[in-house]
Amino acid sequence: MDTYVPLQEVSVMRGFLLAKLFLILLHTKCALLTDCTWRAVVNRFEKVGEDRDIFMQQHEIKSVEEVFKELVDSAIDPDDKNAKYYGFPYYLKINLTCRSLASEMAIRTAHYSGMRPLVTVSFEEPAHSVRQKQEQLEIEMTAAPSRMGACDSEEACRMCWYTPMPYMNGSVVMDVTVTTNTIGLPVDAKRFSININGFMKLVQNKAVFKIGTKLTALSSFLTLRDPSRPLWHTYTRAPVLILGDIPRNKIVLMSDTGFEDYFPVELGIDSCWIGSISCPQKGFSSAIVDTIATESTLFIRQNQLVYYFVGHYPLLHMRSSGSEMWTRILNNVCVKRLNPVFFVKNDTEFVIALGGGWQEGEFFLITVKDGIVNSTGSLKAQQQSVCQFLKVGCNIVWVVFSANENKFILLVNEDGTNRHFLVEYQKDAYFKQIYEVPELVPRASDTGFVLLLGKEAYINKTLIPRGLALNPFSKIFYIWGNVILQSNDMVSFIYLCNFPGDSPIKYFVLSFTGQIAFVTDADEVWVMREGSTEIKRAYPSKAWSVYNTLQVMEGSPDHDLNAKQAIVTVFFDKDGMQELIYREDPGTTGRLIKRKFPLDHILTYDQLINTPHKGMTHNGIDYIRFTHRCPFAVVRMVDLPLPQRFTRMEHYRARPPEIMEKTGIHSMKSLTVYQGLVYQLLQLHSAYHRSYADPVHDPTWRWWKNKKEDAEYYYYMASNWKSSGGIYVDMANYVKIYNLIPNNLLPKTIYLDRKQTFVFSVYLSIRTTKQSMGETAEENSLQYMWLTILLAHPEYVHADLHRQELISRGSVLYRVSITDSGNYPKQQLSGKGLLKSSANLKVAHSGMSCYHYTGSGIRTKGSSYLGINIGCPPGKRLAFDITFTKNYTAEKNKRYFDCVKEDPEMPSISSPSLVEELFRKLISNTSPQRASALQHHERQGSDQTTYATTPRVRCHIHGLRLSHTRSVYYLQHARTGSQGQGLYRRHSGDWKKHLYSGRIQPHLHIVIHQSVIPATYAIGHHPDQFFTSFLQTDTPASGTQ
């Protein structure tokens, strides 16, 4: 008996099956040539080759310099008193894990085929830079192969690659990126978050947790019914993350690797419940409900009690050595909720506490600076709380802090009603109501959004706001709950109606790079992009099911069609959107899996599943034609400038020392030498605080300057296998790199100095005849491709788009210029007080509909997010050119005055004339040029090319020492001088009196002309270093001279 299916149903079934088949073919096309991935862990200095150690020790290994004493006939000078050939307490161990090949065989094959891992360690600048200046720094190291333990034959040897695991003074957060040298096995680059854990200690040479007791079996306290929870921490600054909200248990999940691995810890706090009439509690719970991680401190809330624990971080040079136990704060406050503050302000991190009970309607601020935790009283304005200001009984639902504008935004609910207000608060200054949230949900429109002008229609559904979110880079502000309201100025709002709100939002996650995710009460995961009204449900969805099936077919161990799993949290890191999954596999006690959320795949699969298609014939061949929703075929960034001028990234390169070993396998001796070389390289960088410029503006110059002439001799000895100690150190392998290439990739973040312009091009191309397969001219036209740009701060940054149509190529070339307007009024020291801004480039009509296939998988395209920092960039300093000074003085003065203590780098100078020629324009740490090669700053006024103001100075150097204290004293008096008067005029009598009495020995005399400049002075770090420089002033360039 035949079964007939309606034609419409047949079409739907056929379309879904064809889409699935098409996805399988595309997934097969994108399969990698190898199934190997990198794995990186740290090993203690004395335990190389073992499993992962916890990165907790923060002291140098001084015994390393003993090995260097054997290198007597090499470029290394063991007797150099200024060199520090120490070591770091850890090595980085690089391994390969493969699905179809044993790890040992894969590593051996890679090694003998010439592959060498390249390891780039990026140091995140601290929240408060105490010893180091603000800087962007990274070092690239080639990994050295070495055996793991002893072995009898070469074929049976187990080996891995190793590099030193460096740290920098003041940085406890490191990103490690491992790539190949493009020889041998093709393995995709992978990033690792390897941070210092200051919440551990050694007890009998064993690492134990200071905050509590480590647990093992996850299934003893986690269940599949537990809801997901948000992961809160200071953006890019927190080395250790914690995740709580585990029902009925005072347990947190802790990780110092961004949850690549984790530790369940039962916290060492008393489970207290202090309920009262003034602080009523619905019930007792041991759960840690709010957890927030900052750079040095962990915060938790249990019931109405707030605790903190300060880690042990000597590298941060904190005023605290760390906590020994959990400490309560806000002891007299009934806290109902903690709100995170994601960004640092004035070198300080913040946590916001909302009051409950008798303190309902009040909020408090917890501050962390240099390891010292403090709290404020109830934040009020003119002795009024926000409820008294609104003149209603109220409760605070949520508070966010705007670091750029230094103000708080409060979401306030009137008691007993559904009225909600947005209130702006400036600390100790004022409250200001800026918006009243509608009480009902607006009626949706086909455009995907509704302008809230007061004239729109509403449906009979209550609007329930639950929280706020603010991206300081884009200035886009959100009110979220069972709806999403969006604003660019916190005054005018739009309702994004593509989110149905059947299940209200539980938590809202910003990436601060353009992508947004939020999780509902039903643990649905939704995604959207800033500047777009398109919102999609990513999980659960048909696209997710297709992706999961394809991963199972590929043999992924992290995916299973019948897996019992639950979402623990969803968050963003530098690799994009991530999810943490709890799985209960048979025969296990449960496990947590961190995996990259397949956002690009899901958006692509969703489009292919839902895009209309039809049959067509082209050149006599039948095809299934999918409608192209993307207006272009190709988009590329071209003509990008060298990135370091704008990213301010200082890049060093180090290679392992050459060894006299035919197999190329390194011994512990050569690895120890590698440690010392990397330590010395970074030591030279951190010690480069000179106020003047070397003849070669490079910290490594003075390392090899006395050995360069013997380089060929050392190479000759090495080529004949006669290097001392069996190790050859090539001086060219330890350098600072100034010419990194952009690789046609837009940087994630740039720094724009005063009136500086960042210029690049965007190339767009339509589809060819073969690609379009019969599309209409309107669907595949140059007039359908337009590039747009959205600026967060148009008052400080402006952009120009110049369009050029290349008709013969079917392409459009846009010349994009992003320029600082020079109007930013709040510049501070170099790298300080920068304004967070952004530029969002988007091809019109692209939405979430454009994608392309790469060797590493699907990538969406059509929009790019560029972070912009406005103000005086890091790495700017006033340079004093010693070489030019000597030549200039000899020409003008015809004589020298010898110093009491001769120093070839510090000649004595006597010149009554203005010697501003000796001071050069503020030079950059990312430029190799010496100071004398740069242009002079402007003769009158300040340098108009930088936010760092260059003062005019007059120097009288007498050749005698002047103490630091006395230098500061005279310079401070110079600041207080009146117009046209300086130290020389006002205090000349006092100067001579002390000089002739022998109480001081003046070494440098500086006169500031024209005006009083509130300057920051950098005094020489050594008593014999007489030169004093002005780094920059706190005034804008358009102000004083």
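This is a predicted model: local features need pLDDT of at least 70, side-chain atom pairs count only at pLDDT 80 or more; totals for chains, interfaces and linings use all residues.
Of the 1041 residues in this protein chain, 57% are buried. The chain exposes about 45,500 Å², of which carbon and sulfur atoms supply 51%.

Turning to the overall fold, the secondary structure amounts to 63 strands and 15 helices. Among contacts with a separation of 6 or more, 66% join residues 24 or more positions apart.

Four strands form an open sheet in the order 11-15-14-13, and their pairing is antiparallel. Which strands stand at the edges? They are strand 11, residues 212–214, and strand 13, residues 241–243; each has a single partner strand, so one side of each lacks a neighbour in the sheet. From one strand to the next, the twist averages 35 degrees. Strand 14, residues 251–255, and strand 15, residues 263–267, pair over four bridges in the antiparallel sense. Within this pairing, Ile-251 has Glu-266 of strand 15 as its bridge partner.

I turn now to helix 5, which covers residues 542–554. Its 13 residues, at 1.5 Å a residue, should span 18 Å, and the end C-alpha atoms lie 19 Å apart, which agrees. Which residues of helix 5 are buried? They are Ala-543, Trp-544, Val-546, Tyr-547, Asn-548, Leu-550 and Gln-551. In an α-helix there are 3.6 residues a turn, so residues three or four places apart point the same way. After helix 5 comes Gly-555, which has a positive phi, near 90 degrees.

Notes:
Residues are numbered from 1 along each chain as its sequence is written. Side-chain values use heavy atoms; hydrogens and water are left out. Helices (H or I, at least four residues) and strands (E, at least two) are DSSP runs, numbered from the N terminus. Buried means under 20% relative accessible area, exposed over 50%, partly exposed in between (1.4 Å probe, protein chains only). Contact means heavy atoms within 4.5 Å. Accessible areas come from the Shrake-Rupley method with a 1.4 Å probe; for residues, only the protein chains shown count as cover. Two strands pair if DSSP finds at least two bridges between them. Axes are lines fitted to C-alpha atoms, for helices over the stretch in contact, and angles run from 0 to 180 degrees between N-to-C directions. The expected span of a helix is 1.5 Å times one less than its number of residues.
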